[in-house]
Amino acid sequence: MKNYKIAIIAGDGTGPEVVQEGLKVLAAASQKFDFKYQTHAYDFGGERYLRTKEVLPDSAIGELKTFNAIYLGAIGHPDVKPGILEKGILLRLRFDLDQYINLRPVELYDERFCPLKNKKPEDINFTVVRENSEGLYKGLGEFQNKGTANEVAIQISHNTRKGVERCIRYAFEYTRKHGKKKKLTLCGKTNVLTFAFDLWERTFNEIAKEYTDITTDYAHVDATTMWFVKNPEWFDVIVTDNMFGDIITDLGAMIQGGMGIAAGGNINPEGVSMFEPIGGSAPKYTGKNVINPLAAIAAIAMLLRQVGEDKAGNAVETAVKTVLRTKLKDLAAGKMGYSTTQVGDLVVKEL
Ligand code: IPM
Ligand code: MN
């Protein structure tokens, strides 16, 4: 029997509450689909930082590399200055574990939850492949004359041929395997960012020659956001850089019904990957048992598929879909008609 080692970083705010529901579903899936797993919980997050002044212990990266997957709740604490935990934990893990893909499916499960007029589940079903290790997130830049009237703040987008190419290759492979229309769109800004997206576009066009079965397309990032709202049915798979991917996937989450349902995977195809609900720590709802755990449960579905338990992953996703369609009044925290734990129970029952 397969036996997986899964690291759990429940993190801050509502992270632990939604992770608990995800783990409930994981336990049920292991029963039903005959696999075993061990979990190891890490307490990284705001509380630990406030207590110890340590964001991430030095041993963390090495240890995490020994797992089959990482399950993350949320990082971000109201008493910690913005940036410390995000950079010190989330981005550090993405970078040091070389999770160079951020895979974010955007799928509308039920039209009741779509804020767009006349859009149906068949219209909103695409995936964003976000580069996850470079670009503006690399943190390159400097202040000049800080604090003076002549201050300059420089923030550089760092794009390497190797980094861009591995991301684009992943996107083509992903489109070939999972794309419904076998269409890959490069989202960029070639009309203004004439260094970064020149490299992206050249690389994209070169790699495209190896994938003649895939239709390719290009859209500027501003136009992409317009079409997410106007014609989301045009998209199948989208590949883009780290910053644009960050921005467009929040819009993606909204058109699929909100943060309560959006899950993502930080993927190192050759190493250890990390799965998370993309919604954040939601301090305002912490401890109230009202937050929607479906995004965290959907992240478990992605995790299962990544480790090779496709059947289990698909079954969890189907159970999420069914519960969402047949039970939930709304996907927003406090409006679901059920508590966080009840929603977890409903998914287990459905499974
Ligand atoms: C996300 C988040 C992170 C990001 C933050 C918390 C650093 O917004 O996962 O999209 O910008 O990547
Ligand atoms: Mn984001």
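1. Because the model is predicted, local features need pLDDT of at least 70 and side-chain atom pairs count only at pLDDT 80 or more, whereas totals for chains, interfaces and linings use all residues. Residues are numbered from 1 along each chain as its sequence is written, chains are lettered from A and ligands numbered from 1 in the order in which they are written, and side-chain values use heavy atoms, with hydrogens and water left out.

2. Helix 1 (residues 15–33) and helix 10 (residues 310–326) have axes that come within 10 Å and cross at roughly 130 degrees, which makes helix 1 oblique to helix 10. Helices here are DSSP runs (H or I, at least four residues) numbered from the N terminus; axes are lines fitted to C-alpha atoms over the stretch in contact, with angles running from 0 to 180 degrees between N-to-C directions. Angles under 35 degrees count as roughly parallel, over 145 as roughly antiparallel, 65 to 115 as roughly perpendicular and the rest as oblique.

3. In the contact of helix 1 with helix 10 (heavy atoms within 4.5 Å), Val 25, Ala 29 and Phe 33 of helix 1 meet Lys 311, Ala 312, Ala 315 and Val 316 of helix 10. These residues divide into six nonpolar, no polar and one charged, where Ala, Val, Leu, Ile, Met, Phe, Trp, Tyr, Cys and Pro count as nonpolar, Asp, Glu, Lys and Arg as charged, and the others, Gly among them, as polar.

4. Helix 1 also packs with helix 11 (residues 340–350), at an angle of about 15 degrees and with the axes 9 Å apart, and the two are therefore roughly parallel to each other. Glu 17, Glu 21, Lys 24, Val 25 and Ala 28 of helix 1 meet Thr 340, Thr 341, Gly 344, Asp 345, Val 347 and Val 348 of helix 11, a contact with four nonpolar, three polar and four charged residues.

5. Helix 7 (residues 221–230) and helix 8 (residues 242–255) pack at about 10 degrees with their axes 10 Å apart, which makes helix 7 roughly parallel to helix 8. Their contact residues include Phe 228 of helix 7 and Ile 248 of helix 8, and the contact divides into seven nonpolar, three polar and no charged residues.

6. Around ligand 1 (a heavy atom within 4 Å) are Glu 86, Leu 90, Arg 94, Arg 104, Arg 130, Tyr 137 and Asp 246.
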